[in-house]
Amino acid sequence: MKIVIIGSGGRLGAALVRAYREKFDVVGFSHAQLDLAKPDAIRSTLDNLKFDVLINAAAFTNVDLCETEKDQAFAINADAPRVLAEICRDKNAKLIHISTDYVFDGHKRQPYVEDDAANPISAYGESKRAGEKFVLQTSDRHLVVRVSWVFGQDRPSFIDAMIKRAREEEQIEAIGDKWSTPTYTEDLAEWLPRVFDVDAGILHLANAGQCTWQEYAQHALDSCRAAGVLLKAKTVGALKLADMQTWVAGRPVYSVLSSAKYQALTGIKPRSWRDAVADYIERSYSSKT
Ligand SMILES: NC(=O)c1ccc[n+]([C@@H]2O[C@H](COP(=O)([O-])OP(=O)(O)OC[C@H]3O[C@@H](n4cnc5c(N)ncnc54)[C@H](OP(=O)(O)O)[C@@H]3O)[C@@H](O)[C@H]2O)c1
């Protein structure tokens, strides 16, 4: 099976290339190799390639910058997925388009399921939702996979920033009134092939459970200690979402994704975010004290 991965220089894209290199015939395109803001370049790059599955892990992911660079956000997060969807349809290939929990407004207090109405509250969320719609309209075979709070070894994320601060400072804080679920790139790489042949429209995929950023960071610190990583900070204090004055974009207060549909389709139950975080820290930090 031949797989094309767009966004191979990103946190998720790089993890997918690494994980699939041994099992599949993989071609990755980084931002430098293919600029999604240029539809002609997308067509000319992919036109002569034969493949079975294309995974689009590239996106304009800077949530605040999307507010001031809306045109660019829509070009990359909405127009480009439409072009990719058309190319894949014409080649009889499947597009797996990665999307986000930020398509929801966050008013729910139960995990979001695929049938819940999307109602983005940021330009990033709007652009990603527009991309989802284009992909789903283009072919019944295409799949939109929504993920949340992605972390992994290929590009630092929130968890790595917290560990860095905890190594340097005695006192650290994180937001204690915003809920979602961390998603480990290594786990996603294992889950995705199970739906290469599944026509399911939208799928939510995240590790199991839910937490605030404060709980996430606290568990990261506890896992570091268990793995023998030296830290100055022991506990994570609470910040309030309302205090984040520098944030430009709105962010959903609650965006936990239910992976029940994926579980029903595949029989695979994602492990808890706590286990995934502990595993990540053991693998990525335990020898770097
Ligand atoms: N990170 C999260 O917490 C999170 C949460 C929910 C959903 N998601 C979704 O998960 C997917 C993967 O995100 P990630 O965490 O891996 O983010 P990431 O590390 O920022 O990766 C995104 C990739 O897209 C590339 N890119 C940006 N503009 C591009 C363009 N014009 N043409 C081609 N490539 C371009 C970036 O390249 P450069 O860096 O070189 O510009 C980067 O390699 C995205 O669809 C994102 O919306 C992420």
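This is a predicted model: local features need pLDDT of at least 70, side-chain atom pairs count only at pLDDT 80 or more; totals for chains, interfaces and linings use all residues.
Residues are numbered from 1 along each chain as its sequence is written, and side-chain values use heavy atoms, with hydrogens and water left out. Local features need pLDDT of at least 70 and side-chain atom pairs count only at pLDDT 80 or more, whereas totals for chains, interfaces and linings use all residues.

User: Which residues come nearest to the ligand?
Analyst: A residue is near a molecule if one of its heavy atoms lies within 4 Å of it. There are 25 residues around the ligand. Those that come nearest are H31, L36, T61, Y124 and K128.

User: How far is an oxygen atom of the ligand from an N or O atom in the side chain of T61?
Analyst: The side chain of R11 has an N or O atom 2.8 Å from an oxygen atom of the ligand. L34 instead uses a backbone N or O atom, 3.5 Å from a nitrogen atom of the ligand. For the side chain of T61, the distance from an N or O atom to a ligand oxygen is 2.8 Å.

User: What percentage of the ligand's accessible area does the protein cover?
Analyst: Accessible areas come from the Shrake-Rupley method with a 1.4 Å probe, and for residues only the protein chains shown count as cover. On its own the ligand has 890 Å² of accessible area.

User: Which element gives the most residues to the shell around the ligand?
Analyst: Helices (H or I, at least four residues) and strands (E, at least two) are DSSP runs, numbered from the N terminus. At least two shell residues come from each of α1 (11-20), β4 (94-100) and α5 (123-138). With 3 residues, the element that gives the most is β4.

User: How many residues of the shell around the ligand are charged?
Analyst: Ala, Val, Leu, Ile, Met, Phe, Trp, Tyr, Cys and Pro count as nonpolar, Asp, Glu, Lys and Arg as charged, and the others, Gly among them, as polar. The shell has 13 nonpolar and 7 polar residues. The number of charged residues is 5.

User: Is T100 buried or exposed?
Analyst: T100 is found in strand β4. Buried means under 20% relative accessible area, exposed over 50%, and partly exposed in between (1.4 Å probe, protein chains only). Because its relative accessibility is 5%, T100 counts as buried.

User: Which residue's side chain makes a polar contact with the side chain of T100?
Analyst: A polar contact is a pair of N or O atoms within 3.5 Å; within protein, one must be able to donate a hydrogen and the other to accept it, and residues adjacent in sequence count only if both atoms are side-chain atoms. The contact made by the T100 side chain is 3.1 Å. The partner is the side chain of D101.

User: Where is W149 found?
Analyst: Most residues other than glycine have a negative phi. W149 has a positive phi, near 35°. W149 is buried, with a relative accessible area of 11%. Its place is the loop between β5 (143-147) and β6 (150-151).

User: What is the relative accessible area of N92?
Analyst: N92 is found in the loop between α4 (70-90) and β4. Its phi is positive, near 60°. N92 is exposed because its relative accessible area is 60%.

User: Which residue's backbone oxygen does the side chain of T138 reach?
Analyst: T138 is found in helix α5 and is buried, with a relative accessible area of 16%. Its side chain reaches, at 2.6 Å, the backbone oxygen of F134.
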